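This briefing looks at how the chains of one assembly meet, and then at the fold of one of them. Please keep the sequence and the structure at hand while reading.

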Amino acid sequence: MSVDFWLGVGVIAGIYGIFVLGLQINVGFTGLINLGQAGFMSIGAYAMGMLVTDAGWSIWTAMPVAIVIAIAAGLLVGLPSLRLRADYFAIATIAFAEIVRYTFQNADFAGGNQGIIGYDQEWRDISDWLLDRLTPLGLGDLTQLPLFLAIWITFTLCLILLKLLQASPWGRVLKAIREDEDAVAALGKNVFAYKLQSLAFAAALAAIAGFFLSFNVTYLYPSEFDPTFTFLGYAALVLGGYASYGGVALGTVLLWSVMEGLRFLQLPLGTGQIGALRFVIIGLILILASMLRPQGLLGRKAEMQLRG
Amino acid sequence: MQPNDEMSRSESEARRGGDAPPFLWAGWRRLPPVVYLALGLLLILLLLFAVAGPVEAGQSTLNGLVGAGYFALGAVGLTLVYGVLRLVNFAHGDMLTFGTYVTLAITSLGVPFWPAAVLAMIVTALLAVLIDRVMWEPMRRARTSTLQFFLAAIGLAMVLRYSVQFFAGSQVRAVGLDTTSSVDIGPWHLGSLQFVVMLVGLATILLTGAGLRYTRLGKEMRAVADNIALAEVAGIDTRRTIRITWIVAGGLAALAGILYATAIGSINPNFGFTILLSLFAAAVLGGIGNAYGALAGGIVIGLAQEWSTLFFNPRWKPAIGFAILILTLILMPRGIFGRRKARI
Amino acid sequence: MSLAEDILAIEGLEKSYGGLHAVAGASFTVGRGSITALIGPNGAGKTTLFDLITGFTRPDGGRVRFEGKAIAGLPPHRVARLGLVRTFQLTRVFAAMTVMENMMLAPRDQPGESLLGLIAARGRHRQSEASSRDRAVALLRQFNLENKAGDYAGTLSGGQRKLLELARALMAEPRMVLLDEPMAGVNRVLGRRLLDYVAELRQSSGMTFLFVEHDMDVVMTRADHVVVMAEGAVISEGPPDYVRTDPRVIDAYLGRPAG
């Protein structure tokens with residue numbers, strides 16, 4: 001198969017990678033079950049897209065503002081629901097994601113089902129510029145390469161930042177909250193504030209993933225952001241293992257190799273059936289990993305097995 | 001805090017009787033919440049009659065009662081499973097899908113629709129029991145964490161939905177019933193199928209409520225949902241109760257899906273997941289874990305969605321369910337009928 | 001009694017669950033620098049009282065004053081920050097974190113624990129980490145846990161977890177510690193060491209202790225003040241010798257069904 005094909009897989013895997021880093025800080029390091037990550041992603045992507053197409057902003061100002069908007073959405077969801085029990089928080093976040101999707105699908109300001117188009121000219125310019133530089137190296141035909149590089153460089157930077165944070169006293173508090181939030185509160189830490197911060201990071205990372213997704217698809221369409229995106233993210237998380245940022249890279253690459261690799265098996269099935277089969281496999285991964293490997297498929301054993 | 005939580009549950013019967021607050025209207029507080037709810041809904045209905053006119057308001061109420069059936073029957077299984085097993089079953093919506101597609105598969109063999117529906121309810125109930133056997137029970141025994149239960153439920157939802165899609169395709173399918181005839185009730189009218197759905201739905205709500213209240217099985221189920229440890233001490237066979245809970249949840253889920261499909265006329269494999277949030281809204285509104293609450297919550301959701309069309313574009317109907325869910329979570333996470341502690 | 005003498009004052013504290021009055025108008029004071037024992041039959045409301053004092057449960061009525069400040073209804077972290085730190089009946093260590101990490105978490109006002117502090121006060125946060133680590137090492141040595149510093153807390157024995165929980169509470173430099181059954185599940189040698197250490201701390205730093213305990217020997221020999229609760233209320237308090245002979249106490253323990 002062509003290099004361009006696998007670059008495309010790498011692009012998707014990288015977008016999911018950034019997205020799942022956000023899930024990891026919530027789930028693996030704070031113990032928050034955030035099922036609304038796709039909602040934050042679409043808010044980030046749509047905010048960026050609308051600021052560029054409707055307000056005429058440059059993407060360089062639109063993107064930071066869009067991140068702030070996604071974080072604000074995270075706080076909005078977290079403020080009422082993080083005080084509730086874990087199962088309520090999960091339901092609240094999934095409801096939030098559906099509301100967001102539904103709004104973008106139906107509200108006139110977001111283009112409805114037509115979506116938003118024409119926000120990515122500045123990115124195309126950068127991409128073309130980079131391709132010109134790559135041509136002398138004989139890589140000029142790989143049109144996906146600039147996006148691939150941008151995504152994985154961003155992923156790496158986010159990964160380094162998160163690892164540094166996790167090694168800090170701040171990260172230590174998060175991890176303790178995952179273990180036993182009452183005991184953390186009894187030591188004078190404001191658990192609620194830390195949970196909100198964790199959620200804010202997840203929302204910001206989701207927004208960044210959303211930017212890249214919107215560069216990749218060239219138009220914003222609400223069904224790109226349905227909750228399935230979050231669930232696929234959880235599959236990558238489970239594959240790579242909890243409580244490990246490095247595992248996220250592993251998990252997302254593995255997930256997408258399996259997903260895309262299915263088409264090489266020459267199964268006697270229609271494309272619709274192969275599509276459905278992929279999701280059945282994802283579902284089975286989630287079930288089996290939850291039943292058999294509490295630390296995630298490739299996760300370290302000790303960390304998750306010592307819990308409660 | 002665990003012991004306190006237990007205490008608050010086991011003592012909740014005592015609370016309702018004693019401790020009248022020192023207000024003039026103290027006696028009012030002893031009325032069951034369902035009376036308030038009925039009065040509230042009636043008040044809204046009167047307001048709507050005044051604002052939108054009796055024909056429109058009555059028509060939307062009638063339409064709302066059609067939806068009330070499938071929301072209530074879907075929600076009651078969700079809430080019972082939560083109450084008995086503390087499981088937030090994200091796969092419940094896809095049980096609706098499964099049951100409906102099984103019905104269609106059986107009708108394609110030449111069986112008439114309603115007998116096929118009954119068969120599908122049985123098949124779905126058996127599937128629910130089977131899933132508990134191979135999946136939930138081992139996980140309960142392994143004392144799995146909340147996160148793992150959530151992810152397994154999401155995984156199960158995907159397996160169910162996409163298995164259906166694998167065999168039936170993702171396209172929208174017509175249910176294939178006669179959709180042309182209609183029934184007139186005074187100034188209002190309703191499609192015959194919708195009329196049947198309303199009658200079956202409301203009758204099953206009453207039957208389910210009565211079954212929970214008066215049969216031994218129902219009492220046991222409610223006892224286990226209220227406090228499993230106490231129920232065990234009282235000599236209830238909790239394993240059997242769990243099995244029956246799944247049978248009821250699965251069977252009613254299939255029926256809810258079938259009623260939905262009949263009322264709407266066409267479905268695709270995503271419909272169960274789409275309506276899941278409205279089911280959550282009904283369950284949370286009624287106080288999650290409380291079976292009567294879910295039935296009442298389902299009726300409220302059904303009515304609220306149709307009433308909203310008097311003021312908003314009908315495409316926002318599902319958003320009413322979301323809005324009720326979010327408002328309930330913020331304002332009264334225990335729900336109207338709930339007693340269980342929602343805050344940490 | 002003046003404020004200077006009492007570090008903690010509880011007045012008419014109430015909490016009921018449904019029809020059950022878990023704490024029904026409990027009042028007592030704890031003298032500064034004392035080791036006070038809280039005893040009573042099962043179900044007397046001792047743990048609920050701890051939850052009410054430390055903000056884990058909101059009282060229905062009554063007042064709690066710590067160092068003269070009203071704290072009833074404050075969230076747990078605010079109470080802890082005032083210097084009132086508790087341990088739990090069922091030990092709560094952070095199992096998947098190392099013993100050292102457990103210790104390092106506890107100090108108050110760590111600049112590195114806020115995102116702003118991480119950026120703005122890098123030097124200060126390094127310094128504070130280093131000094132916390134020194135204190136942690138010293139405390140772990142005192143509790144015979146220094147060899148375990150790098151182990152996951154989840155691998156410790158029940159008794160060692162109790163020790164770690166107390167050591168961790170001390171890392172927070174509290175002015176008063178509430179211990180919920182510190183001896184439960186600890187072998188006698190370790191338990192004695194724990195109590196010796198409590199006595200020593202009171203002596204050296206004037207720290208105040210309030211502890212729930214069932215072992216009457218321990219209560220009578222180690223506490224200098226005893227508060228007795230039954231059915232949610234304080235039925236007797238005073239020096240151990242007084243409480244021991246109080247007929248109301250004997251009645252509470254023997255005359256009525258416990259629990």
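How many residues does the contact take from chain C, and how many from chain A? It takes 29 residues from chain C and 23 residues from chain A, where two residues are in contact if their C-beta atoms, placed from the backbone, lie within 7 Å. This is a predicted model, in which local features need pLDDT of at least 70 and side-chain atom pairs count only at pLDDT 80 or more, while totals for chains, interfaces and linings use all residues. Residues are numbered from 1 along each chain as its sequence is written, and chains are lettered from A and ligands numbered from 1 in the order in which they are written.

**Chain C against chain A**

- The elements of chain C that give two or more residues to the side touching chain A are helix H2 (76–81), strand S6 (84–86), helix H3 (99–105), helix H4 (115–120) and helix H5 (122–142); helices (H or I, at least four residues) and strands (E, at least two) are DSSP runs, numbered from the N terminus.
- H2(C) gives the most to this side, with four residues.
- The residues on this side of chain C divide into 15 nonpolar, seven polar and seven charged, where Ala, Val, Leu, Ile, Met, Phe, Trp, Tyr, Cys and Pro count as nonpolar, Asp, Glu, Lys and Arg as charged, and the others, Gly among them, as polar.

**Chain B against chain A**

- Here 39 residues of chain B are in contact with 36 residues of chain A.
- The largest share of the side of chain B that touches chain A, 15 residues, comes from H7(B).
- This side of chain B divides into 28 nonpolar, nine polar and two charged residues.

**Chain C as a whole**

- Chain C has ten helices and ten strands, and its C-alpha trace spans about 60 × 40 × 35 Å along the principal axes.
- Buried residues, those with 20 or more other C-beta atoms within 10 Å of their own C-beta atom, placed from the backbone, make up 47% of the 259 residues in chain C.
- Of the contacts in chain C with a separation of 6 or more, 67% are between residues 24 or more positions apart.

**Leu52(C)**

- Leu52(C) lies in helix H1 (residues 46–53) of chain C, and it is buried because 25 other C-beta atoms are within 10 Å.
- Leaving aside its neighbours within four places in sequence, Leu52(C) is in contact with Leu13(C), Lys15(C), Val23(C), Thr57(C) and Pro59(C).

Key:
Buried ≥ 20, exposed ≤ 12 C-beta atoms within 10 Å, placed from the backbone.
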